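Me: I am new to this structure and would like to learn how to read it. Please take me through some features one at a time.

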Amino acid sequence: MTTPRFIRPAALALFVAAIAVVGFGLPGGEAAAAATGKTLDNLNAAFNGESNAHARYLAFATKAGEEGYGEVASLFRAAARAEEIHAANHATVIKKLGGVPKADIQAPDVKSTKENLEAAIKGESYERDTMYPEFLVQARKEGLRDAIETFNFAKSAEAEHATLYTAALANLGALKGSQAKPYFVCTVCGNTTPQMNFEKCPVCFNGKDKYIQVS
Ligand SMILES: [Fe+2]
Ligand SMILES: [Fe+2]
């Protein structure tokens, strides 16, 4: 036969390509698609959660003001702004991954300020200890750096919110009759603090000029 010698390497290449598609391509591709879908779902769940937390904290702030806890009202407003920043950050990543951010805003369940603080601590603690850590594990598996960053920013801020709410709850009696108080919120990561005793944001390392005051 006069079969050219290049046929064999070409056939071999075809064979390898076929193996890649059948043996690795399809299952690998499906796994990657499923994994990406999972973080996209997680981002949407987080977007929904942050959007609802924003609405809930604004309602809690109104209630705290009505009950004479001006300082607690400020804290709720500052945290609400932070949740709004988290929601916007999540939305940016959702869009980058080809998704559409969707939130189903529920009417906030407003009770007394003491109960509202307790509910807020519960929500923040869940996000800090369970939700964001699980979402981070998945995003790291997929190597989705933008998702890792937005989840990390939110997780850090929720930890700070839980600390601030816990302190407010412990001190609630003394806060009756208090006036509005300034808090500072990082517009990049949502970090929330009563004192700007740093030059760079301790969470995202941007300059402190990125902070806004909320009271
Ligand atoms: Fe929060
Ligand atoms: Fe920051």
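This is a predicted model: local features need pLDDT of at least 70, side-chain atom pairs count only at pLDDT 80 or more; totals for chains, interfaces and linings use all residues.

Me: Which pattern does the protein chain follow along the sequence?

Reply: Helices (H or I, at least four residues) and strands (E, at least two) are DSSP runs, numbered from the N terminus. Here the pattern is α-α-α-α-α-β-β-β, which amounts to five helices and three strands. Of the 215 residues in the protein chain, 35% are buried.

Me: What span does helix α2 reach from its first C-alpha to its last?

Reply: The expected span of a helix is 1.5 Å times one less than its number of residues. Helix α2 covers residues 70-96 and reaches 40 Å, close to the expected 39 Å. After α2 comes G98, with a positive phi near 90°.

Me: Are E71 and K96 buried or exposed?

Reply: Both are placed in α2, E71 as well as K96. E71 has 21 C-beta neighbours inside 10 Å and therefore counts as buried. K96 has 12 such neighbours and counts as exposed. Along the chain, E71 and S178 are 107 residues apart, yet their C-alpha atoms are separated by 5.6 Å. For K96 and A147, 51 residues apart in sequence, the C-alpha separation is 9.9 Å.

Me: Which residues touch the most other members of the largest nonpolar core?

Reply: In soluble globular proteins, nonpolar side chains tend to be buried together. A nonpolar core is a set of buried Ala, Val, Leu, Ile, Met, Phe, Trp, Tyr and Cys residues joined through C-beta atoms within 7 Å. The largest one here has 47 residues, and V72, L75 and F76 touch the most other members. At least two residues each come from α1 (7-66), α2, α3, α4, β1 (183-186) and β3 (211-214). The largest share, 13 residues, is supplied by α2.

Me: At what angle do α3 and α4 pack?

Reply: Axes are lines fitted to C-alpha atoms, for helices over the stretch in contact, and angles run from 0 to 180 degrees between N-to-C directions. Helix α3 (residues 113-142) and helix α4 (residues 145-170) pack at about 155°, with axes 8 Å apart. That makes α3 roughly antiparallel to α4 (angles under 35 degrees count as roughly parallel, over 145 as roughly antiparallel, 65 to 115 as roughly perpendicular and the rest as oblique).

Me: Where is F205 found?

Reply: F205 is in the loop between β2 (192-193) and β3. Most residues other than glycine have a negative phi. F205 is not a glycine, but its phi is positive, about 65°. With 9 other C-beta atoms within 10 Å, F205 is exposed.

Technical notes
Residues are numbered from 1 along each chain as its sequence is written. Chains are lettered from A and ligands numbered from 1 in the order in which they are written. A residue is buried if 20 or more other C-beta atoms lie within 10 Å of its own, exposed if 12 or fewer, and partly exposed in between; C-beta atoms are placed from the backbone.
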